[in-house]
Every structure is written in C-alpha cells, then in structure tokens.
Amino acid sequence: MAEEAEEAVAEAPAKAAPAPKAAAKTVPAKAEPAPAEAAEADTSSDYDWRGKLAGEDKKFRKELDRFTDEGSFANAYKEVRSKATDPRRVYIPGDDATDEDRAAYAKARGIPETPDKYEIKTKPPQGYEPNETDKERLTDITAFLHSKGGVYADPAVINAAHELYYREAETAVAYAIATAARQAELTNEALGKLWPGPEKARNIGFAKAAAANYFGKEWADVANMQFADGSMLGDNVQFIKAMARIGRETMEDPIFLEAGRNGADASKSIQSELEGLLALRATNRSKYNSSETQKRLAELYDAKQRHEDRSASQ
C-alpha cells in the first residue's frame with residue numbers, strides 16, 4: 001500500500017507555481033495644448049509663406065513667385081521703401097493732379113512759368129547758323145512742350161528737343177548740298193546735249209547776262225533759291241533756257257535791255273515811256289518838239305519794233 005501511494009504521488013503532475021504579479025503601468029502626464037500662434041508657425045519646407053502674404057490676391061501671389069525665399073522678398077521691400085522715401089525723388093503729376101502738385105513739381109524741377117524763361121544750354125552744331133525759320137520753329141517746340149506740363153516741360157526735355165532739332169536740320173542741310181551738287185552735274189550734261197560745242201558757253205553767257213540785268217543785285221540770292229528736292233533755281237534747265245532766250249533777244253538791243261533792268265517788263269517799260277513822251281504834245285509842246293525828245297521817241301519806236309519782229313519770227 002505504501003508503494004502504491006508513492007507511485008500515485010510520482011505520477012501526479014506537479015502543481016503549477018503561481019505566476020508573478022505584472023509590474024504596474026506608468027501613465028504619462030497629459031501634454032498641454034500649444035498656443036494657436038505656435039501651431040501656425042510652421043517652419044518646415046512645406047510652409048507656404050507666399051500664400052500667407054498674398055491671401056486671396058492671386059495677382060500678388062504670382063508676383064511673389066519671383067522671390068526665392070522670405071529673405072529675398074524682405075530685401076526687395078527694403079530697397080523699394082528706401083527709394084520711395086528718398087527726398088530727391090519727385091512726384092510726377094498725372095492728369096488728376098492738383099494745381100498744388102503741379103506747382104510743387106515745377107518748382108522742384110526748375111520749370112519756369114513761361115516758355116521764354118528756359119535756359120537753353122543746347123548749342124547749334126559747329127558751322128550751322130540758325131536762321132529765322134529755325135528760331136521760330138524752336139520757339140514753337142518749346143512753347144508746345146511747356147504747355148503739356150509734367151515731364152514734357154522739364155528743362156532737360158526742352159534741351160533734348162532742341163538738340164534733336166539741330167541734328168535733323170544738319171542732316172537736311174547736308175542732304176540739300178549733296179542734291180544741289182548732283183543736280184548741277186545733271187544740268188551741265190543736259191545743256192551740253194542741248195547746245196553742243198561752243199554754243200553751250202555762248203548761251204549760258206546770254207542767260208547769266210540777262211538774269212543779272214533783270215534781277216540786279218538780287219540775282220545771286222535768286223540763283224540759290226532751292227526747290228523741295230534741294231536743287232537750285234540757277235541750275236534748273238528750263239530756267240537757264242528761258243534766260244538764254246531773253247539774253248539773245250535783248251543783249252544786242254541796249255534800249256530794250258535798259259527798259260528791262262532789275263526785273264521790269266521791258267515791253268511795258270518802253271510803252272510807258274512812249275506814252276509819257278507823247279503826252280508832252282498836250283502839256284509841253286516845246287519839250288515835245290525838242291531834238292532830245294524826238295531822238296528818244298525814235299529809239300523807243302525802233303526797240304519796240306525789233307522786239308515785235310523777234311517775237312513774230314519765233
């Protein structure tokens with residue numbers, strides 16, 4: 001019995017030892033919520049600072065894309081603000097500016113009250129002598145710009161306008177000189193074909209003599225009169241032909257030549273003198289019958305007849 005009892009005890013499973021107690025859990029303290037400002041101040045690379053500044057303004061948002069970061073935007077802002085507050089900067093009045101704004105701008109820029117008070121520092125090119133037309137034109141330009149006001153009336157703009165005018169005038173003069181020289185060559189060639197050989201020199205001599213007789217001291221000025229293309233009257237083929245014809249008709253007739261002096265109409269001059277002498281028959285018969293008057297009447301009648309004969313033969 002004792003043995004059976006021992007076997008039973010040996011075969012029975014050993015009673016499991018009680019499990020050790022689990023360690024108590026440590027509960028962390030509840031974190032306090034961060035302030036709202038701290039939650040918004042995200043410094044991560046995903047922070048949209050452009051959107052924060054622009055808000056709903058899409059146009060401003062697009063402009064901000066030009067800046068790489070907040071620092072570049074801040075520098076640009078500082079530069080713009082520095083320029084805007086520079087005391088040397090002047091507000092340019094627009095169409096809606098007040099009289100006070102305009103007066104302040106004019107004072108700051110040295111714009112005179114009237115256009116004739118400008119200090120014109122621009123000088124004409126060397127060798128260029130402004131004529132009355134140039135002076136009138138420049139006066140008109142100055143008055144126009146002054147009337148526009150604002151930047152147009154600025155003394156620097158006025159002087160620049162004068163400089164531009166002189167440049168254009170100088171170019172026009174150079175072009176006219178070149179054109180006149182070329183036209184003189186063409187006229188010389190044309191007259192050579194019209195009057196071959198010694199005839200050209202002879203007819204040109206007639207033309208010059210007639211022109212000098214009819215125009216007198218003003219002939220040089222008349223010869224230098226320019227057409228729109230820059231050519232001169234003295235180099236015009238048709239004019240030279242006309243003067244040559246007149247010269248041929250009058251150079252051998254001193255009475256007719258004298259009657260046409262200084263541009264007068266020779267035929268009318270002779271007729272007027274004839275009528276004056278013939279009127280002496282009623283006013284002063286003795287003078288009319290004098291040898292001097294009768295001689296002069298004969299000269300005038302002969303000159304008139306020769307001119308009529310030449311005209312009829314042409």
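A polar contact is a pair of N or O atoms within 3.5 Å; within protein, one must be able to donate a hydrogen and the other to accept it, and residues adjacent in sequence count only if both atoms are side-chain atoms.

**Ground rules.** I am reading a predicted model, in which local features need pLDDT of at least 70, side-chain atom pairs count only at pLDDT 80 or more, and totals for chains, interfaces and linings use all residues. Residues are numbered from 1 along each chain as its sequence is written, and side-chain values use heavy atoms, leaving out hydrogens and water.

**Thr187.** I looked up where this residue sits and found Thr187 in helix α8 (helices are DSSP runs of H or I with at least four residues, numbered from the N terminus). Thr187 is buried, at 3% relative accessible area (buried means under 20%, with a 1.4 Å probe and protein chains only). A polar atom of its side chain lies 2.3 Å from the backbone oxygen of Asp235. Leaving aside residues up to four places away in sequence, Thr187 touches Asp235, Asn236, Val237 and Ile240 (contact means heavy atoms within 4.5 Å).

**Cores.** Of its 14 residues, Ile111, Tyr118, Ile141, Leu145, Tyr165 and Tyr166 touch the most other members. Helices α6 (99-109), α7 (132-148) and α8 (155-194) each supply at least two residues of this core, and α8 gives the most, with 5. Apart from this core lies another, of 10 residues, including Val222 and Ile240.

**Whole chain.** I noted 16 helices and 0 strands. Buried residues make up 24% of the 314 in the chain.

Note on methods:
Core = buried A, V, L, I, M, F, W, Y, C linked by side-chain atoms within 4.5 Å. Buried < 20%, exposed > 50% of the residue type's maximum accessible area, 1.4 Å probe, protein only.
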